[in-house]
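Dear colleague,

Please find the structure below, together with its sequence. My notes on its side-chain contacts follow directly after it.

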Amino acid sequence: MIWISRLGPAEVERRRRDAPDGPLHGQAFAVKDNIDVAGLATTAACPALEDRVATRSAAAVRRLEAAGAVPLGKSNMDQFATGLVGTRSPYGMSGSVFSAAHVSGGSSSGSALAVAGGEVPLALGTDTAGSGRVPAAFNGIVGFKPTRGLVSAAGVLPACRSLDCVSTFTRTVVAARQALDILAGPDPDDPWSRAAPPRLPAHVAARPRVIGVPDGPIDLDPLHAVAWEAALAHAARVGRLVPVPIADFLAAATLLYGGPWLAERWNGFGHLLEAAGAHADPIVRGVVTPGRDVTGAEVFAGLDRLAGFRQATEPLWYGIDALLLPTTPGHPTFADVAAEPVAVNARLGTYTNFVNLLDLCAVAVPAGHRPDRLPFGVQFIGPAFADRPLLDLAARWTGEEIQQREEPGTTLVAVVGAHMSGLPLNGELAALGAALEFRARTAAGYRLFRLPGPGVPRPGLVRTGDGPAGGIALELWRLPRAAVGALLDTVPAPLGLGRITLDDGTEILGFLAEEHGIRDGTDISAAGGWRQAV
């Protein structure tokens, strides 16, 4: 079942007639039934709440309506947004649009099915553990989970309030980008809301090119593994792949249901589980009720563990623009879920549960099909506030590449040393109004030296003709043209500006060393870059 409740045809037509003449004028959308729509009950798939009629729509719904869109009704979901399977609803369940025997994914199952089945081009879901991405993967559509707080959650019946995100389902990445532009914005009615910074964080590239992939085997069903290999081959055509360790991400994922965050779920809707009586799904009740007994000491111990995982994973974002993972390890059948309802659901969150805990954003995109013709999905994951660059990368993946705008009056400058993001002199670039454009590598034939002298160690990049075949890592920063001279003034001899050839053959302005200046330097070329060598 896709819908829990719907507006009548006459009311939909009235709203369409009265809709503002905005970018979504007249476009229908579905709303997950834990998000308020004025005039409809918000049940969170619990029939005991059918008299909970909203008098005001949620902030996200109002933003879409202000853009001219019209809600059709409330979509089915795993009860109280606790599940990734799409089977925990007393209103019934539907399989994937590709197979009636396989689950549709949850908890935002109805919203995903409404888009995948062609009933609406846009639907709102929520994503705490992966609920905006798993059903997208199982139904061959795009599921976008923004940075926490970027889209207001005011008017959402909470699952885990500090982690809840309003997410979107669309058939294209371009449509997801348009929805984000409409939905994003701070909201004083949501205490977890936050505004995007006026500039991208220093380590976030405006044009993502470097894609991290697991550096070893990962848990996948055999048919998923075949599709994953094909996805990796496609990824190599979209960007440059860099193997990275993912063990700390996966360990962080276990905290969501194996740690004290169950207490936040109990705080959010535990009283409703008790009041619902027979209407409460027994699996949901069994999963969440232990949260009632979590102690304050356990909460702080969990926060300490999460801080450790965050500290361990944050350095990766200085070397990659996005992390590519399968959305799920497999695609279970209804029979699989019935046999092991908790274990099967838990495994589906292997690659999604950590994203909100570690304050990341993510977009799930179709990635072809498995040998049995079921859809396969992958997700691009990026740091907080990398939402729009991440969507640009996803658009390249799907062949919808979004046109990049050149910024007049600016210049790209390559840096190879302490001016790189996260390193000691990066603040000098920020002070000049620079922004990271993309990460790249030089062509073969360059060598990198650590130059002698006091203070912050300095790099010396020279073209010797015999450097490493894989080139040297560098970053391209976009500066106001007037600032290039000011930057040059901070760089002592033997460094100066020259033309650097990248591994794709393009030439770019960057800092090079005069050959005489590296005679007493230490050759660190074998490391492949400054960050790896210091």
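Arg209 counts as partly exposed, at 31% relative accessibility, where buried means under 20% relative accessible area, exposed over 50% and partly exposed in between, computed with a 1.4 Å probe on protein chains only. This is a predicted model, in which local features need pLDDT of at least 70 and side-chain atom pairs count only at pLDDT 80 or more, while totals for chains, interfaces and linings use all residues. Residues are numbered from 1 along each chain as its sequence is written, and side-chain values use heavy atoms, with hydrogens and water left out.

Arg209 forms a salt bridge with Asp504, with 4.0 Å between the closest N and O atoms; the term stands for a side-chain nitrogen of Lys or Arg within 4 Å of a carboxyl oxygen of Asp or Glu. This pair links distant parts of the chain, 295 residues apart, since Arg209 is in the loop between α5 and β9 (210-214) and Asp504 in the loop between β19 (495-501) and β20 (507-513); helices (H or I, at least four residues) and strands (E, at least two) are DSSP runs numbered from the N terminus. Asp504 is partly exposed as well, with a relative accessible area of 46%. Arg209 also lies over the face of Phe438, at 3.7 Å from the ring centre, and the criterion here is NZ of Lys or CZ of Arg within 6 Å of the ring centre and within 35 degrees of the ring normal. In another such arrangement, the charged end of Arg6 sits over the ring of Trp3, 4.4 Å from its centre.

In total, the structure holds 28 salt bridges. One of them joins the side chains of Asp392 and Arg177 at 2.6 Å, N to O; Asp392 lies in helix α15 (residues 387-398) and Arg177 in helix α5 (residues 173-183), so the pair ties together parts that are 215 residues apart in sequence. Both Asp392 and Arg177 are buried. Arg347 and Asp221 form a further salt bridge, their closest N and O atoms being 2.9 Å apart, and here Arg347 is partly exposed at a relative accessible area of 29%, as is Asp221 at 26%.

Turning to the aromatic residues, a search of the whole structure finds 4 aromatic pairs, defined as rings of Phe, Tyr and Trp (its six-membered ring) whose centres lie within 6.5 Å, with planes under 30 degrees apart counted as stacked, over 60 as edge-to-face and the rest as tilted. Phe80 and Phe269 form a stacked pair, 4.9 Å centre to centre with 10° between the planes, and both residues are buried. Phe249 and Phe354 form a tilted pair, 5.1 Å centre to centre with 45° between the planes. Ring pairs link Phe249 and Phe354 with Trp317 into a cluster.

Best regards
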